[in-house]
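Colleague: I have the sequence and the coordinates open side by side. Could we go through the side-chain contacts together?

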Amino acid sequence: MTLWTAPEQAPTRTLSEADFAVPIADRYFEDYREGAVYEYGYATVDGEELVAFARRFDPQPIHVDAEFAADGPFGGLIASGWHTGGIFMRLFADHYLSRVASLASPGLDELRWPAPVRPGDRLRLRTTTAETRPSRSKPDRGLVVTHAELLNDGDVVVLSLKAMNLLRLRASLG
């Protein structure tokens, strides 16, 4: 089983001058500032869970067969990119995405897996709030575009993407 650090115990680092003024449980569209950069972590990848996920959803030999994978291009088992995406989503939901104002996501762009994830890797999430814009058609919400990366302990990016999230405006509640 992947070991998850409880959100209240996971380190958060603000890597920019902008910071959230409120905790995730009270975060609305207005609290996301363009240019703000954060790091959150950690999730440790368990080898048995890596194989179980792949057997169920992505049964390629590089994910499920240790002997085959040892002779393959990565020199051992690697996580399915979709498993890596699930780890990303867990960290994103636990640490960055509002618990009270998140409405939906119209999608994501530019999903990349530039390096493999291996059993035992400890991953952290880096987010950069790239764009915020109020909706023109629905005045109670706005769009937050976030550039996100998962990094391993060697500071190697193992996943990158651009997430789009619709968030309720605090101002619309009053």
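Colleague: Are Tyr38 and Tyr40 buried or exposed?

Modeller: Both Tyr38 and Tyr40 are buried. Please keep in mind that this is a predicted model.

Colleague: How are the two rings arranged, stacked or edge-to-face?

Modeller: The planes of Tyr38 and Tyr40 meet at 25°, with ring centres 5.9 Å apart, so the pair is stacked.

Colleague: Which aromatic cluster do they belong to?

Modeller: One aromatic cluster is formed by Phe20, Tyr32, Tyr38, Tyr40, Phe88, Phe92 and Tyr96. Over the whole structure, a search finds 10 aromatic pairs. For Tyr32 and Tyr96, the centres are 5.3 Å apart and the planes stand at 75°, so this pair is edge-to-face.

Colleague: Where in the chain do Tyr32 and Tyr96 sit?

Modeller: They link distant parts of the chain, 64 residues apart. Tyr32 is in the loop between β2 (12-14) and β3, and Tyr96 is in the loop between α4 (81-95) and β4.

Colleague: And why does Tyr96 count as buried?

Modeller: Its relative accessible area is 1%, and buried means under 20%. Tyr32 is buried as well, at 3%.

Colleague: Which charged end sits over the ring of Phe20?

Modeller: That of Arg27, at 3.6 Å from the ring centre. In a further case, the charged end of Arg122 sits over the ring of Tyr42, 3.7 Å from its centre.

Colleague: Let us change topic. How many salt bridges are there?

Modeller: The count is 10 salt bridges. One of them joins Glu39 and Arg124, whose closest N and O atoms are 2.9 Å apart. This pair links distant parts of the chain, with Glu39 in strand β3 and Arg124 in strand β5 (residues 122-134), 85 residues apart.

Colleague: Is Glu39 buried or exposed?

Modeller: Glu39 is buried, at 3% relative accessibility.

Colleague: What else does the side chain of Glu39 contact?

Modeller: The side chain of Glu39 also makes a polar contact of 2.7 Å with the side chain of Arg126. A network of salt bridges links Glu39, Arg124, Arg126, Glu149 and Asp155.

Colleague: How far apart are the closest N and O atoms of Asp155 and Arg124?

Modeller: They are 2.5 Å apart, in a salt bridge. Asp155 lies in the loop between β6 (141-151) and β7, while Arg124 is in strand β5, so the pair ties together parts that are 31 residues apart in sequence.

Colleague: What does Glu110 form a salt bridge with?

Modeller: Its partner is Lys162, and the closest N and O atoms lie 3.5 Å apart. Glu110 belongs to strand β4 (residues 102-112) and Lys162 to strand β7 (residues 157-168), 52 residues apart. Glu110 is partly exposed, with 47% relative accessibility, and Lys162 is partly exposed as well, with 26%.

Colleague: One last residue. Where does Asp65 lie?

Modeller: Asp65 is in the loop between α2 (61-64) and α3 (66-70). Its side chain reaches the backbone nitrogen of Phe68 at 3.0 Å.

Colleague: What is its relative accessible area?

Modeller: The value for Asp65 is 35%, so this residue is partly exposed. The C-alpha atoms of Asp65 and Gly76 are separated by 8.9 Å, the two residues being 11 residues apart along the chain.

Terms used: Residues are numbered from 1 along each chain as its sequence is written. This is a predicted model: local features need pLDDT of at least 70, side-chain atom pairs count only at pLDDT 80 or more; totals for chains, interfaces and linings use all residues. Side-chain values use heavy atoms; hydrogens and water are left out. Helices (H or I, at least four residues) and strands (E, at least two) are DSSP runs, numbered from the N terminus. Buried means under 20% relative accessible area, exposed over 50%, partly exposed in between (1.4 Å probe, protein chains only). A polar contact is a pair of N or O atoms within 3.5 Å; within protein, one must be able to donate a hydrogen and the other to accept it, and residues adjacent in sequence count only if both atoms are side-chain atoms. A salt bridge is a side-chain nitrogen of Lys or Arg within 4 Å of a carboxyl oxygen of Asp or Glu. Rings of Phe, Tyr and Trp (its six-membered ring) pair if their centres lie within 6.5 Å; planes under 30 degrees apart count as stacked, over 60 as edge-to-face and the rest as tilted. A charge sits over a ring if NZ of Lys or CZ of Arg is within 6 Å of the ring centre and within 35 degrees of the ring normal.
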